[in-house]
Amino acid sequence: MNIAGLVGRTLAQLGAAHAFGVVGSGNFHLTNALRENGVPFTAARHEGGAATMADAYSRMSGLVTVLTTHQGCGLTNAATGIGEAAKSRTPLIVLTADAAGSAVRSNFRIDQDGLARSLGAVPERVHSAQSAVADTVRAFRTAQNERRTVVLSVPLDVQSQPVPAGTPGRVPPVAPTGFVRPAPGLARGLADLLSTVKRPVFVAGRGARYAGEELKALAAQSGALLATSAVANGLFEGEEFNLGISGGFSTPETAALIREADLIIGWGCTLNMWTMRHGSLINKDAVVVQVDLEDSALGANRDIHLGVIGDCAATAADVLAELKAAVPEPRVNYRTPETAARIAAGARWQDVPVEELSTPDRIDPRVLSLELDALLPAERLVSVDSGNFMGYPSTHLSVPDEFGFCFTQAFQSIGLGLGTAIGAALARPDRLPVLGTGDGGFLMGISELETAVRLALPLVVIVYNDAAYGAEVHHFGAGSEHDGGAADMETVTFPDTDIAAIARGYGADGITVRTVADLAAVTGWLDGPRTAPLVIDAKIASDGGAWWLAEAFKGH
């Protein structure tokens, strides 16, 4: 066995769940070593798509995944997806070849460690045959226990070296680190706050996706309302006092209830400009608390009154114990009948009346989303690309829980949607995968439609097609008066594209939707074998700029 085989075997023994990639000469042996040792592999059509598939698979499974790339250009092709994963703290190993140490003039040579650092990933490498196992274990431990994206470079000259005599046949498992408990004084301090305030609101983010039960128990005891960032959408689905998403995607009633809070606690949530609408959701008299594993996250986006370092589940459990010791009976606080009525009437966009914008040949994107919400099975997994449309699938398509929603938006790149949906679908084959994407993002990543067809995924792709980069059209069109005249939109508008026909060319089912009546074809697909993706080319009416768009562009 050579070192390429040893690295693949080691990652398999450590528990790498699934690998994605595009195979070239540099990562050929690494990829086959993974496969030979039982790691499932999905071949993508572009490294960028493969990176996002690996990212989404990890998010929906909670397991360490692998992206494998050729050296140099293969790695740079994946850079945007790696940046998204790194910013989202996805536990991911990027197993990439590298130019041999002596190949100083190789066309493939780049500073791979420097590239990884620039993306926010952790650079690691296999330095020698003797250190190969230790180097690989170190990379895996960092990915799993620190929830980081790690770029593990394996130079070609090292890959080809024989495994040193005496190398063990197995490596011991990497034990996950235990929950980080908060300092007892801070847990008591947070319990004291919850025993005195009247209108507490919990906002759970990415770092709290595994703390749902603990947060629900603490909220019930303290009389708090529950909300999430967009990434954690679905975490509190079914709870009576669930406000849904906090931030730009909030309904008017949700936003009002958060603004009335006298205590806001961000659980694994940095309370950034998106989640707090640039701070406008925080009452000037409210106490603000953050709970996070990372010290650098506390107060990173706004002033806070208390910062608690600790795992969200462990912290919620400790605070609950302190609160029950001080105040044994649950507090009513914000959980009044009046609040329940307000939530029931207006916390879900499905319950907000729609003043329809549809025309004879263009469908209102809200009407489209609501009709599909009613048609599609409840056990679904919704993935969302980026663009002006993105609020509609995020808010108007309900999800069963936090593993029914995959939101790869930390880098705010369009074109990641298909990769996201494919990776998520492979992680959760028990659910119907649904993708909401714009025409721009869909066409940017369309090579991966072949991957979905080849895998026979029962994927529903909703293309909100406005024949434009709609965010720019609405933002700069609306701002033209302030820019000194009418803005030139030619660079961001395009001829109408028959996306349904293109989809059929890839082997998918494709339909064009202009009216509600056209959605009858969706029912036919749902009743059929579902052996090929369904691409819905929805010709949408202009919304004049989505309700969240103005908020979003304040941060650009």
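**View 1. Strands β11 and β12 side by side.** In this predicted model, β11 lines up with strand β12, which covers residues 306-309. The two strands pair in the parallel sense, and 4 bridges link them. For one spot to look at, find Asp292: across from it, in β12, stands Ile309.

**View 2. Strands β10 and β11 side by side.** Now look at β10, made of residues 263-267, which also pairs with β11. This pairing is in the parallel sense too, and it runs over 5 bridges. Pick out Trp267 and you'll find its bridge partner, Val291, in β11.

**View 3. Strand β11 on its own.** Is β11, residues 287-292, mostly covered or mostly uncovered? It's mostly covered, with 5 of its 6 residues buried.

**View 4. Helices α10 and α12 packed together.** Two packed helices are described by the angle between their axes and the distance between the axes. Here, α10 (residues 212-222) and α12 (residues 312-326) pack at about 25°, and their axes are 8 Å apart. Since angles under 35 degrees count as roughly parallel, α10 and α12 are therefore roughly parallel to each other. The crossing of α10 past α12 is left-handed.

**View 5. Where α10 touches α12.** Which residues of α10 meet α12? They are Glu214, Leu215, Ala217, Leu218, Gln221 and Ser222. On the α12 side, you'll see Ala313, Ala316, Val319, Leu320, Leu323 and Lys324. Sort the residues of this contact by type and you get 8 nonpolar, 2 polar and 2 charged.

Methods: Residues numbered from 1 in each chain as written. Predicted model: local features only at pLDDT ≥ 70, side-chain atom pairs only at ≥ 80, totals over all residues. Heavy atoms only, no water. Axes fitted to C-alpha atoms, helices over the stretch in contact; angles between N-to-C directions. Parallel < 35°, antiparallel > 145°, perpendicular 65-115°, else oblique. Left-handed = near helix turned anticlockwise from the far one by under 90°. Contact = heavy atoms within 4.5 Å. Nonpolar A, V, L, I, M, F, W, Y, C, P; charged D, E, K, R; others polar. Buried < 20%, exposed > 50% of the residue type's maximum accessible area, 1.4 Å probe, protein only. Pairing = 2+ DSSP bridges.
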